[in-house]
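User: Could you take me through this structure step by step? I am new to reading such models.

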Amino acid sequence: MNIEKIKKVLEKTEGIYGWLIFKQEVQGTSVLHMPNLYTAENGKFTSTVNPDPREVISLPSEEIRITVYARFNTDKEEFMGEASDQILSDDESALKVQIQKLVAAAQTQHNKPYSLPDKSLTYKTDVLMTDPKITESDKVQLLEQINKFNKAILDQTEKEESVDLSNIELFIKNFHNILITSTDVNVQFDSTRADTELCFIARFNDDRVAEATARISSRRISDLNPQELVKNYAGYARSIALSKPPIQYQGPVIVSGEALAEMLNIDTNVISFHANAANVYNKIARYEQGKPITGDLEIQGDRVTIISDPHIPYGPNSQVYSAVDGSPSRIVTLVKDGNYDELIGTRRYYEYLGLLQKGVQPAGPLGNTYVQAGKTRQDDLMSAEKIVVVKLFSSWTTNPTNGDFACEIRLGEIRENGKATPFKGGMLIGNYFKMFAQVKLSQETVQINNYYGPTAIRFENLQIAG
Amino acid sequence: MINNLPVDLQNLRAFLPEIVAAMRPRVPYASALVTQLGGTFMAKSRSEDRINPIQPRRGIRISVWDGATFHSTATSNINDRDYLIRLAKELANSVSIKSKRVPEAGPSLDKHFESTYQIDPYQISSAERKQKLIHIFDYCTQHDKRIVETRAISQFNQEYRLFCNGERLLSSVTTRTNLYVVMIAVEAGKQVMNFKFLTGAGYEHEQVSDDELRALADQTLACLSAERITPGEYRVILTPSITGLLAHESFGHGCELDTMIRGAARAALYIGKRVGSDIVNISDFGGFPNKHGSIFFSDDGVLSTEPVVLVKDGILQPTMMTDLYSYTMMHDRLPGLKLSANGRLEAWDHPIYARMTNTYFEALPREKGGMTKDELIADMGDGVMVDRFTSGMEDPLGWGVQLQALLGHEIKKGKMTSKLYYQVGMTGYVPDVLQSIDGISPDFWIDSTGTCGKGHKEYVRAADGGPYVRCRMKLG
């Protein structure tokens, strides 16, 4: 579709205060494969090799979405509204009708006015987000790379004791992104993605069976390391399969690896709810700049720093602009040394809170989760006589309003007198705010998807209900 | 009669057989699927007055089968017919046939389906919907100063689907109207959230009375003084939405055929065996009229005409939820397997997997021992009634289950007390939980909304439900 035609119709339509056009062109290839097909006979699984993929999908596609803004007066008061939609045709008459409907919708919204991003803003388009191995490959070459990755995973899994690969999916996509606005912003950039899901099943007999799934998002194929992926997740599957029942416990708990990445991820964590400009404006957030995230509880251990960083090279959540309001991406420190610092959220709410007027740039899109490392060696976090390590959750969830959580543990370890015993099940129970009152962060760091931070954190007082 | 299908989709429907015909000379099976969304989203909160079209996400997926693999091309460019025919021919020419195995195309059929309703949601103006949202917002926020925020949302969704595989040409317009009310209350540094949702096909389902709003507001305020439950094992009564969530997470995911044949569901070892007490019956059915998870046909073109019975009288059944690939590969090896309407995708550019639709526990008629909710409470001694699900997670191989609910009501000596628990997590070992079920009510609801992921992706709309169920679970 012709973006210039859309732009012309937008410029000619009456009642528009401003507009944004987002365009994304996508080329992609995906392969899904179940390498073994299982049936059950006489109470036992039997499998046959399935040499062919389940599905191969190729994707030539484009999406254009526009947002229109309208300002209008009612009873001497000025209001503003916005409406967005995907453009399905660049036929001029169809476009006119669609855009007029959006303007009409925007003109029914009685919101306090706000400004739009203009060309004086700096968009960081040099963030590294493309893999030449993807951008320079045609469909056939992409398929060859996927098959090569799949073979490496299968070969590596062959070497693992008592573990099979039950599912392998790799989705490779190449994006060309464009943002054009009525305020003369014109930004273009390319990005790539290589996302995989690998399911490993450990079987010691059919009573001691467990699955561990790797879900890895990356910008480059080379960031998907078959050896490391198989080693880690085959190991998880074996540990779960051999694990003991859960325990009753209260005391220090170390959350590590994937479980920690889930727990701290700014896409979903409780801090993001309370450090969100819209929630602060609506007075439903605990945020007070410079005040501890633990509320009245004094912080006794390490002080955590959590940052939204959309500029990490090849970070899965690295971004150039917000797909909501077109604001440029920037690094935002949500929590600094245990205290609330900056806010995430849209330009509109930054303006409502008076931040824009003070020269603070809007937060832009959420980036990668960056958590500053601590000073303690990971091994030294285990110093207690008895301590529990949580490695995987079934699904990490927290009540965003009060921070309470009770989440099932998919894989944990009880460490006692130098001996580690894996367990599975039971709930980790606590409160997201209170748990930061006494923590120690490891000095070692790890990247797991969009999480960049300590490999482990020791929380001094959490509960496990077995 | 095609009432609510947009004209361009009507034209495309007529063209789909040509696309499939362009592929068929080269391959034993070919299909085309178009998906598109429509409708309006409206919201009212303290700082947000919003109305916006639902993003169409329109595209086509054309697929061929080579005897072992589906090969698909997915594109958003559905306006250029020459382009689509060229893509179809290129796709068919790119494969070589590997076996004589052919997916079932089903008997010939040319049919269009649409949701039915009492009050036509297409006739309700945006102004009328907005007025209702403003009333909800004003009523709730003026009810008590401690209610600091109310968010009222009205969603009128249309889901369009076109499918053709040479034998059958199907289309549907699935209409959903949803009303959500979310409240946040604050007092002395404590903050709680509560919600209510209403769902159905017609505008009649978006009606909420002031009495219902007041009850929701009062319950939200009661949450301010609610306690956190002491972790441990409890006798619990699950309200219908939680009952359905248990069905969904216990033998829902584990009975999706593609999960089973990749060896990731322990259920495969238990077909024909006892997995629950003899009053446990679990099914999945997309053909219920106007439920949130309902579909007229699957994305493989299979009609939703009969429920898939997963557990009958406590015994796991061989009738699984199937997608066309898994069924084609396995039906000669799995006796009793039927092709069901469960092959679904998130959108046209995603893969098709075996997925749930409306998953539920069957009610227990009174003549078979069914007990009303009040009888279940009176008969249970001490325990907790858990209500209002927020999320769940499956573990079909390990048979763990995690359910999250917003509210727990204390029951003491067979009577509900005024004590409320806020934010209750539930876990257990699936066979233990299902074996512990000793009471089921004779009434039945499927009124949940939401989406279900395969793992953590591929979200499709799905609903859960059933009767009140009494069992034992670990709460925390």
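Analyst: The conversation below goes through the chains, their contacts and some details.

User: Before that, what kind of model is this?
Analyst: This is a predicted model, in which local features need pLDDT of at least 70, side-chain atom pairs count only at pLDDT 80 or more, and totals for chains, interfaces and linings use all residues. Residues are numbered from 1 along each chain as its sequence is written, while chains are lettered from A and ligands numbered from 1 in the order in which they are written.

User: How many helices and strands does chain A have?
Analyst: Chain A has 10 helices and 21 strands. Helices (H or I, at least four residues) and strands (E, at least two) are DSSP runs, numbered from the N terminus.

User: And why is chain A called as compact as a globular protein of that length?
Analyst: Its radius of gyration is 25 Å, close to the 23 Å that the globule rule gives for 466 residues, so chain A is as compact as a globular protein of that length. The radius is taken over C-alpha atoms, and the rule is 2.2 Å times the number of residues to the power 0.38. Along the principal axes, the C-alpha atoms of chain A fill a box of roughly 75 × 60 × 40 Å.

User: What percentage of chain A is buried?
Analyst: Buried residues make up 53% of the 466 residues in chain A. A residue is buried if 20 or more other C-beta atoms lie within 10 Å of its own, exposed if 12 or fewer, and partly exposed in between, with C-beta atoms placed from the backbone.

User: Which domains is chain A divided into?
Analyst: There are two entries: domain 1 (3-241) and domain 2 (249-465) of chain A. These bounds come from an automatic or database domain assignment. The centres of domain 1 and domain 2 of chain A, taken over C-alpha atoms, are separated by 24 Å.

User: How many residues of each are in contact?
Analyst: In chain A, 28 residues of domain 1 are in contact with 24 residues of domain 2. Contact here requires that the C-beta atoms of two residues, placed from the backbone, lie within 7 Å. The elements giving two or more residues to the domain 1 side include β1 (18-33), β6 (163-181) and β7 (186-205) of chain A. That side divides into 16 nonpolar, seven polar and five charged residues. Ala, Val, Leu, Ile, Met, Phe, Trp, Tyr, Cys and Pro count as nonpolar, Asp, Glu, Lys and Arg as charged, and the others, Gly among them, as polar.

User: Back to β6(A): how many of its residues are buried?
Analyst: In β6(A), 15 of the 19 residues are buried, so this strand is largely enclosed by the rest of the structure.

User: Which strands does it pair with?
Analyst: Two strands pair if DSSP finds at least two bridges between them. β1(A) and β6(A) run antiparallel and are joined by 14 bridges; A:T29, for example, has A:I172 in β6(A) as its bridge partner. β6(A) also pairs with β7(A) in the antiparallel sense, over 17 bridges, and there the partner of A:I168 is A:L198 in β7(A). The hairpin of β6(A) and β7(A) has four residues between the strands, and A:D184 takes a positive phi near 70° in it.

User: Changing topic, how do the chains touch?
Analyst: Chain A has 68 residues in contact with 66 residues of chain B. Strand β4 (residues 55-74) of chain A gives the largest share of the chain A side, nine residues. The residues on this side of chain A divide into 28 nonpolar, 25 polar and 15 charged. β4(A) also pairs with strand β4 (residues 70-75) of chain B in the parallel sense, over four bridges. In β4(B), B:T73 is the bridge partner of A:S58.

User: Now for chain B: what does it contain?
Analyst: Chain B has nine helices and 23 strands. The radius of gyration of chain B is 24 Å, close to the 23 Å given by the globule rule for 476 residues, so chain B is as compact as a globular protein of that length. Buried residues account for 57% of the 476 residues in chain B.

User: Last one: where does B:S277 lie?
Analyst: B:S277 lies in the loop between α6 (257-261) and β10 (282-284) of chain B. With 16 C-beta neighbours inside 10 Å, B:S277 counts as partly exposed. The C-alpha atoms of B:S277 and B:G314 are separated by 5.1 Å, although these residues are 37 residues apart along the chain. Leaving aside neighbours within four places in sequence, the contacts of B:S277 include B:G314, B:L434 and B:D438.
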